[in-house]
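Hello,

Here is the structure we talked about.

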Amino acid sequence: MENKSKVIAYGILRALGILGGIVFVIWFLYQIQAVLIFICIAAVISLIGRPVVNFLKHQCKFGAVAAAITTLLMVICVISGILALFIPILIDQSEHISKINFEEVKHNINRLNVEFSRAMGVDQVTLIEGLKQSDFIKNFDISVIPTFINSILGNFSSLIVGLLSVIFISFFLLKDSHLLLDSFLVFANTGEERRFRRVFHKTKQLLSRYFLGILLQLMILFTIYAILLVSFQIPNAFAIALFCAMLNVVPYIGPVVGGVVMMLLVISGNFTADFQEVILPKMIYVFIGYCIAQLIDNFINQPLIFGSSVKSHPLEIFLVIVIAGLIFGIFGMVVAIPAYTAIKVIAKEFLSEYKIVQKLTKNLYDS
């Protein structure tokens, strides 16, 4: 009887210890979430840059360090090119804002409102008066402006630290291809290393294809958007095209937001023009071009990317993204496909006796 009591007490203590350990791990991961984000971004960069590193090492006879540095410099050049595209526009816009005649802006907004209402056959709404009567304007506290500026400066310094951290981690992941694998094998029991290696290599292969496919998708959309906007002489066409293409990374919601942003920027780029003769026709043509680009993306780009990279049916992908979005929001929608792909590979290796796993992963290891 006494031994039985000891066993029960030991079981309770063991369960409490495990529960406490789980709580501690969750708390610890929450505290270092910024570091985890840096590692994830660096891992994505290493997955995208791995083909470049392999090419430099095998075809150009670069050493591991030289290949990693060269690849990382390419990534930095791409990021710098994107920033170089946007920063002059932001500076230019800030100069324009400082010279704005707000009385003229008020007149132009009301004029556009009158013309829009007349063109659409709806009752006219005085926008300025509507804004004045809104709860946001009535309750606006001017003291939030310096707080907002301070938060931007604080986030900028954090951004610099994060960028340097990502570059540092990315270098070692690109230099040593076994670094992630060795970290992954820590969780393998003795005798299970081979299966863990298979899971790691297959996941890396699928995700490398996926991220490279995403880059190709964004390049195609950027090209279509840029041609569309340049054709209609929209100011800052390349920056707008790049921004709207990057929004496409967020499934379903991103294209909608991108379309709205593009329409608003078409209006702002022709702010003083006649609405019916200039702005409305441009909006219609640009909207039609945007819809054609989305059709190309939805029916050509995405099936090729999802079909050949992550080996998943489009309906399967849709349901995974929707569920992830409902549970985790926008972030869940962005990471849904990579996370689901990794889960499928793990299930294929360790839970292949279940019919549902066999059904979902039957084509996963096809080349």
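Angles under 35 degrees count as roughly parallel, over 145 as roughly antiparallel, 65 to 115 as roughly perpendicular, and the rest as oblique. This is a predicted model: local features need pLDDT of at least 70, side-chain atom pairs count only at 80 or more, and totals for chains, interfaces and linings use all residues. Numbering starts from 1 along each chain as its sequence is written, and side-chain values use heavy atoms, without hydrogens or water.

**Helix pair.** Helices are DSSP runs (H or I, at least four residues), numbered from the N terminus. Helix α2 (residues 33–58) and helix α9 (residues 193–231) have axes that come within 9 Å and cross at roughly 85 degrees. Axes are lines fitted to C-alpha atoms over the stretch in contact, with angles from 0 to 180 degrees between N-to-C directions. α2 and α9 are therefore roughly perpendicular to each other. On the α2 side, Val44, Leu47, Ile48 and Pro51 make the contact (heavy atoms within 4.5 Å). From α9 come Lys204, Leu207, Ser208, Phe211, Leu212 and Leu215.

**Cavity.** A cavity is a set of points on a 1 Å grid over the protein atoms alone, where a 1.4 Å probe fits but cannot get out; lining residues have an atom within 4 Å of a point. The structure holds one cavity of 30 Å³ or more. The largest cavity has about 80 Å³ of space, the volume being that filled by probe spheres set on the points, which are joined across faces, edges and corners. Its lining includes Ser46, Leu47, Arg50, Asp176, Phe200 and Lys204. α2 gives the largest share of that lining, three residues.

Regards

Note on methods:
Helix = DSSP H or I, 4+ residues; strand = E, 2+ residues; numbered from the N terminus. 1 Å grid on protein atoms, 1.4 Å probe; cavity = no way out; pocket = protein on both sides within 12 Å on 5 of 7 lines; lining within 4 Å.
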